[in-house]
Amino acid sequence: MPFSSTELSGFRTAQTEHMFDTCVIQTYSENFNSFGEPISSYADGSAISCGLDTKPSGERRKASNTVIEYDATIRLAITVVPNVKDRIKVTKRFGETLTPNLVYEIAGPIQQGPSGIRLLLRKVSV
């Protein structure tokens with residue numbers, strides 16, 4: 001039986017109330033230099049609440065039987081729409097400013113549940 005709109009609203013409120021970190025989605029774009037070679041760049045979006053979990057692990061994809069290794073997972077509100085080519089920059093952890101910031105690339109497909117988005121992340125050295 002599907003969830004009612006009241007139940008979904010409650011799930012989503014609880015999810016966002018338990019995100020104690022702050023992050024920025026860095027939107028991917030690609031341009032080309034004078035030799036026609038692609039140059040990737042990332043532009044910071046607005047700060048949003050997120051929930052970072054820094055336990056590394058691996059996940060097996062049944063369809064392709066491949067293993068995805070990742071350094072962390074992050075939870076985002078259901079209204080956030082990342083692209084798999086974007087990066088996630090974590091600027092605050094439990095309310096404390098991070099210096100330097102943690103930057104991750106998205107390591108697998110975007111996972112959407114009834115209350116939010118979950119992403120597998122791989123750390124990027126910048």
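Predicted model: local features only at pLDDT ≥ 70, side-chain atom pairs only at ≥ 80, totals over all residues.

Let me begin with K55, which is exposed at 58% relative accessibility; by the definition used here, exposed means over 50% relative accessible area, buried under 20%, and partly exposed in between, with a 1.4 Å probe and protein chains only. Residues are numbered from 1 along each chain as its sequence is written, and side-chain values use heavy atoms, with hydrogens and water left out.

K55 forms a salt bridge with D53, and their closest N and O atoms are 3.8 Å apart. The term denotes a side-chain nitrogen of Lys or Arg within 4 Å of a carboxyl oxygen of Asp or Glu. D53 itself is partly exposed, at 30% relative accessibility.

How many salt bridges does the structure hold? The count is 4. One of them joins the side chains of D21 and R93, at 2.7 Å from N to O. Because D21 lies in strand β1 (residues 21-32) and R93 in strand β6 (residues 87-93), this pair ties together parts that are 72 residues apart in sequence. Strands here are DSSP runs of E of at least two residues, numbered from the N terminus. Both D21 and R93 are buried.

D44 lies in strand β2 (residues 38-53), so the pair links parts 45 residues apart in sequence. K89 is buried at 14% relative accessibility, whereas D44 is partly exposed at 47%.

The largest nonpolar core has 17 residues, and L52, I74, L76, L119 and L121 touch the most other members. Such a core is a set of buried Ala, Val, Leu, Ile, Met, Phe, Trp, Tyr and Cys residues joined through side-chain atoms within 4.5 Å. Strands β1, β2, β5 (72-77), β6, β7 (96-106) and β9 (116-123) each supply at least two of its residues, and β5 gives the most, with 4.

Leaving aside neighbours within four places in sequence, I74 is in contact (heavy atoms within 4.5 Å) with residues including C23, C50, L52, I88 and L119. C23 is buried at 0% relative accessible area, and C50 is likewise buried at 0%.
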